[in-house]
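This report is meant for a reader who is new to the structure shown below.

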Amino acid sequence: MAASSSTTPDPRNRDAARERARQVADQHARQDKRSRRILQLGILALVLVIVAVIGVVVAQNRAQQIPEAGPVPASANQWGGTVLTADGIRTGESEVEERDLAEVPEAPETPDDSAVPPGVEASGDGEPVQVVIFQDFECVHCADFEAENADALEKAVTSGDIVLEYRNLNFLDRSTPTQYSSRAAAAAYEVGNQSSAEQYLAFVEEVFSHQGTGGLDDEQLVEIASSHGADIAGALEEDTWRPMVNVVSQESLANGVSGTPTVFIDGERLGNEAFQEALDAAVEAKE
């Protein structure tokens, strides 16, 4: 009878099996971790999309709820212009308390570049030169104009050489999902209601310094305005001045202003000549 024999398992085989099992477990763990990460990123992306969509819907609904008629800001004339002088911002200049978009003519199919908007005119002999700037806070060319001429404009206003009028338009509302042009223009009206001419100019300059970022939200506009002496939160929330922004924008279109910046110096539309040269010539002509 043959003797039975037993085989002792090789420890090295057990170690190799354990190592393979560990590697498989590690691989599964990495796959699970990667899957969780992809899922988390997917959820985050979905949340961001939902938030963006909600923001757009809210902004669109808000725009649709703006009434056609609304009050004229204290800091504006009836044409929607905020006028800055050496003595400060003119207030109570409007001959009417309210403007209605329904009463503003439609823009012609072909803009009339020879047209002069209402309220734009040459000043009298011995009076400061009238400078009227039609601008849009979302306009890159307006931002460039501001960067190039802000210091000269402030100096000319302070010295009494010019009376400076801003008409802030919403031509580029379609460029942002939150009607930024309209909101910034409305913010500027409330800043004009509460601040000095110097603070207003500083507000305009700072807002333009953010051009190209996709537009500031209301909270950012409120913060900038606060740094220049104005509390505009309530006016923005209530859209107090949005009807006036719509009126001045439509009225500008109806009177030959089809792009921004458009500048008038003593009733004459600025063409291809340099602004500073044209301004200096107008000021010298008054001396």
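Thr176 is found in the loop that runs between strand 6 and helix 3 (180-194). The model is a predicted one. At a relative accessibility of 6%, Thr176 counts as buried, because the cut-off for buried is under 20%. Leaving out residues up to four places away in sequence, Thr176 touches Glu138 and Gly214.

**The chain as a whole**

The protein has eight helices and eight strands. Of its 287 residues, 40% are buried. Among contacts between residues at least 6 apart in sequence, 78% join residues at least 24 apart.

**Strand 7 and its partners**

Strand 7 covers residues 262-265. Thr262 and Phe264 point one way from this strand, while Val263 and Ile265 point the other way. All of these residues are buried.

Strand 7 pairs with strand 5 in the antiparallel sense, over four bridges. In this pairing, Val131 has Ile265 of strand 7 as its bridge partner. Strand 7 also pairs with strand 8 (residues 268-269), again in the antiparallel sense, over two bridges. Here Ile265 stands opposite Glu268 in strand 8.

Strand 7 and strand 8 form a hairpin with two residues between them. Asp266 is in the turn of that hairpin. Its phi is near 50 degrees, a positive value in a residue other than glycine. Asp266 counts as buried at 14% relative accessibility.

The peptide bond from Thr260 to Pro261 is cis, with omega near -5 degrees.

Asp239 is buried, with a relative accessible area of 15%.

**Aromatic pairs**

How many aromatic pairs does the structure hold? There are four. One of them is formed by Phe134 and Phe264, with ring centres 5.9 Å apart and planes at 70 degrees. The pair is edge-to-face because the angle between the planes is over 60 degrees. Phe134 lies in strand 5 (residues 129-135) and Phe264 in strand 7, so the pair ties together parts that are 130 residues apart in sequence. Both Phe134 and Phe264 are buried.

Phe137 and Phe208 form an aromatic pair that is tilted, with 4.9 Å from centre to centre and 40 degrees between the planes. This pair also links distant parts of the chain, 71 residues apart. Phe137 is in the loop between strand 5 and helix 2 (140-159), and Phe208 is in helix 4 (residues 197-208). Phe137 is buried, and so is Phe208.

The table sets out the values for these two pairs.

| Pair | Centre to centre | Angle between planes | Arrangement |
|---|---|---|---|
| Phe134 and Phe264 | 5.9 Å | 70 degrees | edge-to-face |
| Phe137 and Phe208 | 4.9 Å | 40 degrees | tilted |

**Ile89 in strand 3**

Ile89 lies in strand 3 (residues 88-89). Is Ile89 buried or exposed? With a relative accessible area of 14%, Ile89 is buried, because that value is under 20%. Leaving aside neighbours within four places in sequence, Ile89 is in contact with several residues, including Ser75, Thr82, Val83 and Leu84. Further contacts of Ile89 include Gly192, Ser195, Ser196, Ala197 and Tyr200. From C-alpha to C-alpha, Ile89 and Ala76 are 9.0 Å apart in space, and in sequence they are 13 residues apart.

**The largest pocket**

The largest pocket has a volume of about 370 Å³. Which residues of its lining lie nearest the centre? They are Arg90, Gly119, Glu121, Gln130 and Val163, out of 17 lining residues. Strand 5 and strand 6 (162-168) are the elements that give two or more residues to the lining. By class, the lining has six nonpolar, five polar and six charged residues.

Strand 5 thus comes up in several places: it gives residues to the pocket lining, it pairs with strand 7, and it holds Phe134.

Notes. Residues are numbered from 1 along each chain as its sequence is written. This is a predicted model: local features need pLDDT of at least 70, side-chain atom pairs count only at pLDDT 80 or more; totals for chains, interfaces and linings use all residues. Side-chain values use heavy atoms; hydrogens and water are left out. Rings of Phe, Tyr and Trp (its six-membered ring) pair if their centres lie within 6.5 Å; planes under 30 degrees apart count as stacked, over 60 as edge-to-face and the rest as tilted. Buried means under 20% relative accessible area, exposed over 50%, partly exposed in between (1.4 Å probe, protein chains only). Contact means heavy atoms within 4.5 Å. On a 1 Å grid over the protein atoms alone, a cavity is a set of points where a 1.4 Å probe fits but cannot get out, and a pocket is an open set with protein on both sides within 12 Å along at least five of seven lines; lining residues have an atom within 4 Å of a point. Grid points are joined across faces, edges and corners, and a volume is the space filled by probe spheres set on the points. Ala, Val, Leu, Ile, Met, Phe, Trp, Tyr, Cys and Pro count as nonpolar, Asp, Glu, Lys and Arg as charged, and the others, Gly among them, as polar. Two strands pair if DSSP finds at least two bridges between them.
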